[in-house]
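The sequence and structure come next.

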Amino acid sequence: MEKKETPPNFLKSIWRFFATVKLTVAVLLSLAVTSVIGTVIPQNQSSAAYIDAFGEKLFRIFGLLNFFDMYHSWWFQLLLILLTVNVIVCSLDRFPVIWKIVSVKNPPFNVRNFRSDAKKQEFVSKKSPNVLRKIYESFIRQKFRYCRVEGTDNGWCLFGEKGRWTRLGAYIVHLSIIFLLFGGLLGSVFGFEGYVNIPEGETVDSIWLNNRQERHQLDFEIRCEDFDVSFYESGAPKEYRSLITIFEEGQPVFKKNIVVNDPIRFKGINIFQSSYGTDAADTATLDITSRKSGLDYIKKVKIGETIELPEGIGMFSLKKYSRNALFRGHDIGESFLGILRPKDGNPIEVILPTRFPGFDKMRKGELIISIRDYDKRYYTGLQVTHDPGVPVVYIGFIIMILGCFVTLFMSHQRICIETIKTEENSRVMVAGTANKNKLGMQQKIKKITENLQDHS
Amino acid sequence: MNSSAILSLTTLVYGLAAFLYIFAWVFKKEIAGRVGTWVAFLGMVGNLAGIILRWIESYQMGIGHAPLSNLYESLVFFAMTITVIYLVVEHKYGNRIIGAFAIPLAFLAIAYASLSPNINDKIQPLIPALKSNWLIAHVVTCFIGYAAFAIAFGVSIMYIIKGGTIREEGVLSRLPDNKVLDELTYQLIMFGFLFLTGGIITGAVWANSAWGRYWGWDPKETWSLITWFVYSTLIHARMMRGWHGKRIAFLSILGFMAVIFTYFGVNLLPGLHSYGAMG
Ligand code: HEM
């Protein structure tokens with residue numbers, strides 16, 4: 001028979017465990033301490049970078065402990081789950097009791113408790129209890145939402161209270177935490193976060209997912225019509241602006257200029273301006289100097305085009321543009337690549353870095369070719385996200401702020417005034433309690449007493 | 001006079017106020033404390049004037065924005081909020097000895113802003129990510145919270161050095177009652193906690209409007225959450241387990257260490273949080 005009782009007891013003790021504030025303190029402090037790790041070790045870097053920084057051995061150990069993506073590790077998520085279970089169980093555990101206290105229509109009160117209050121105030125008035133009753137009642141009614149007066153053997157007793165519902169404050173905050181964690185979960189299961197770079201004038205229909213070498217197909221197309229960056233005099237960027245058009249089934253359906261802090265929100269997908277860069281140029285203006293005659297010629301060439309060189313030297317084709325070309329293993333930055341075909345002799349590959357106009361001199365050819373100018377084409381860097389959890393999280397934010405305010409600054413206040421007829425006058429007692437900020441309540445009672453004395 | 005000159009002057013005024021408060025406490029000269037209050041008030045007015053003037057100057061330079069966009073500006077604002085909150089506390093509690101532990105913090109904040117070679121006090125144009133009204137809401141709420149925590153820290157230090165005993169004589173005997181210190185610490189922390197919560201939330205909303213994610217575990221975000229966890233622990237320990245006195249004072253000091261690290265230390269860590277970086 002005894003065995004049968006074990007399961008409920010066992011469950012009960014688990015339930016108790018999850019309802020304690022000890023667990024809350026332990027989990028909150030554990031979260032605080034472990035969160036530090038991820039701020040000291042940069043997250044989601046390449047293995048090579050980690051081995052460089054920590055050495056092979058530590059890299060293995062840290063890897064096993066998920067320190068390189070710790071906020072998504074099983075143990076960190078477990079702490080979050082513990083927190084959630086804790087907050088839910090505690091609320092379920094206590095809520096019925098609190099609700100019973102909060103939902104009473106006619107709150108009970110006991111004058112004796114107030115009489116024994118060490119901080120009660122007392123004074124004597126010349127007026128009779130009946131006269132005082134009217135004055136005091138209307139005064140207290142203005143300050144306390146609930147007020148009732150009961151006659152006693154030789155006088156009366158007034159009871160007022162307000163803010164009973166603020167006892168729910170902690171539950172409001174705890175509810176908001178459930179919203180936040182649930183919203184976060186929604187986002188991580190059904191949402192995505194990615195980026196895409198689009199050269200001006202081009203269209204894409206998929207993006208790269210962050211932290212994963214994986215593309216994500218969109219069900220619409222994004223075109224970057226135009227990109228502009230402006231700078232302050234100091235050289236710091238002032239504004240990035242992309243003109244974006246969204247196409248569905250080949251038809252433009254939405255068009256907007258986006259800047260940082262002002263994204264496109266289209267069908268639950270957000271498109272943010274986040275970076276930019278320069279992309280393949282397609283036309284270059286060449287400066288061609290002949291060593292023999294010393295003359296300068298200027299020619300405009302498109303990529304893929306072939307032109308005739310001056311002074312009958314041969315032909316030149318512009319092959320491609322590269323953002324960081326290598327020359328003998330060194331990065332020489334933005335460059336054009338071309339092929340020179342002299343009238344007599346073999347084709348020669350020519351590198352024309354935009355930053356070093358004299359570079360082609362090294363070749364010691366009959367002509368020195370350099371890039372005078374080229375049409376730079378920008379690409380815009382967009383962040384593309386989808387997070388169906390956001391509304392839930394935002395509701396959580398609002399509930400949390402309201403709940404914190406209620407919990408921290410509002411209290412359930414009760415006041416009791418007792419007036420007893422004595423010979424020729426009345427004796428008045430004022431006492432009050434609050435479930436929070438007791439010092440503040442004492443001061444309030446003092447003030448109310450002074451006010452009442454003035455009125456009588 | 002330009003804003004930099006006013007703010008430099010404010011630094012001196014705060015220094016004087018701090019000196020007066022400490023002097024009044026150590027040498028039991030009440031009159032010094034009373035003068036200290038007026039000097040602190042003057043400092044606050046100068047501080048506010050400096051901020052407003054700097055705001056105007058930024059518009060005259062054609063890059064108008066609220067002066068809350070870099071470390072210098074935030075420290076200046078921090079000093080002002082500490083002073084405002086302290087003056088309110090002084091008014092409510094009628095005790096000037098707390099000033100000896102609060103106003104020096106305001107002085108340190110603005111002195112560090114003005115004097116550190118690492119901090120640029122030029123009015124800089126806003127980079128694109130900072131062009132958001134959420135930035136203002138975020139900085140204002142965060143720093144009101146930090147200022148309340150700073151004063152709570154000062155009060156906790158008072159509690160600790162007093163050692164929880166009642167003393168008859170000496171400098172320490174003039175510190176306020178343990179009960180008052182304990183209550184004041186908690187009041188300030190509740191106030192700070194509301195604003196810290198607001199600060200984290202406005203930060204999250206801003207991040208969502210600028211980058212499309214409300215939380216990214218970047219070091220600054222994470223450290224603000226760590227701070228929140230510490231103070232949240234304190235609130236539960238007090239409300240549910242009845243912690244008082246020394247234990248609350250220690251948690252309050254720990255919390256403020258987390259605030260300081262969120263504010264300055266994070267810049268030493270790898271990662272990016274453009275706002276608040278040195279420079
Ligand atoms: C971060 C996650 C949180 C968890 C896991 C948590 C958990 C808990 C738990 C287990 C209790 C004890 C309930 C009981 O035994 O009756 C409690 C009580 C309480 N919590 Fe939290 N809490 C959290 C956040 C907060 C926050 C942010 C506030 C801020 C205002 C707060 C305010 C309170 C209050 C005032 C109580 C006392 C409730 C009462 O008097 O009935 N909690 N919390």
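The side chains of B:R54 and B:E73 meet in a salt bridge of 2.8 Å from N to O, the term being used for a side-chain nitrogen of Lys or Arg within 4 Å of a carboxyl oxygen of Asp or Glu. This pair links distant parts of the chain, with B:R54 in helix α2 (residues 30–60) of chain B and B:E73 in helix α3 (residues 71–93) of chain B, 19 residues apart. Helices (H or I, at least four residues) and strands (E, at least two) are DSSP runs, numbered from the N terminus.

A salt bridge also joins the side chains of B:E183 and B:R238, at 3.6 Å from N to O. B:E183 lies in helix α6 (residues 178–211) of chain B and B:R238 in helix α7 (residues 219–241) of chain B, so the pair ties together parts that are 55 residues apart in sequence. Both B:E183 and B:R238 are buried. A network of salt bridges links B:D182, B:E183 and B:R238.

## Basis of the model

The model is predicted: local features need pLDDT of at least 70 and side-chain atom pairs count only at pLDDT 80 or more, while totals for chains, interfaces and linings use all residues. Residues are numbered from 1 along each chain as its sequence is written, chains are lettered from A and ligands numbered from 1 in the order in which they are written, and side-chain values use heavy atoms, with hydrogens and water left out.

## Salt bridges over all chains

A search of the whole structure gives 16 salt bridges over all chains. One of them, in chain A, pairs A:R148 with A:E150, whose closest N and O atoms are 3.0 Å apart. A:E150 counts as partly exposed, because its relative accessibility is 35%.

## Interface of chains A and B

In chain A, 50 residues are in contact with 44 residues of chain B, contact meaning heavy atoms within 4.5 Å. About 4,100 Å² is buried between chain A and chain B, and carbon and sulfur atoms give 72% of this area. Buried area is the accessible area (1.4 Å probe) that two parts lose on being put together, summed over both. On the chain A side, A:T39, A:N261 and A:L408 lose the most area to chain B, together 16% of what that side buries.

Across this interface the rule finds zero salt bridges, but four residue pairs are in polar contact, both residues being at pLDDT 80 or more. A polar contact is a pair of N or O atoms within 3.5 Å; within protein, one must be able to donate a hydrogen and the other to accept it, and residues adjacent in sequence count only if both atoms are side-chain atoms. Elements of chain A that each supply at least two residues to the side touching chain B include α4 (74–102), α7 (169–190) and α8 (390–409). α2(A) gives the most to that side, with 12 residues.

## A:L83 in helix α4

A:L83 is located in helix α4 of chain A. With a relative accessible area of 13%, A:L83 is buried. Not counting residues up to four places away in sequence, A:L83 touches A:V27, A:L28 and A:L31. A:L83 and A:G63 are 20 residues apart in sequence and 25 Å apart in space, C-alpha to C-alpha.

## Strands of chain A

Strand β22 (residues 426–434) of chain A has seven of its nine residues buried, so it is largely enclosed by the rest of the structure. β22(A) pairs in the antiparallel sense with strand β1 (residues 121–125) of chain A over five bridges; two strands pair if DSSP finds at least two bridges between them. A:V124 has A:R427 as its bridge partner in β22(A). Strand β21 (residues 413–421) of chain A also pairs with β22(A) in the antiparallel sense, over nine bridges, and A:Q413 stands opposite A:A434. β21(A) and β22(A) form a hairpin with four residues between them, and A:E424 in the turn has a positive phi of about 75°.

Strand β19 (residues 367–374) of chain A is mostly covered, six of its eight residues being buried. β19(A) and strand β11 (residues 283–290) of chain A pair in the antiparallel sense over seven bridges. In this pairing A:S290 stands opposite A:L367 of β19(A).

Technical notes:
Buried means under 20% relative accessible area, exposed over 50%, partly exposed in between (1.4 Å probe, protein chains only).
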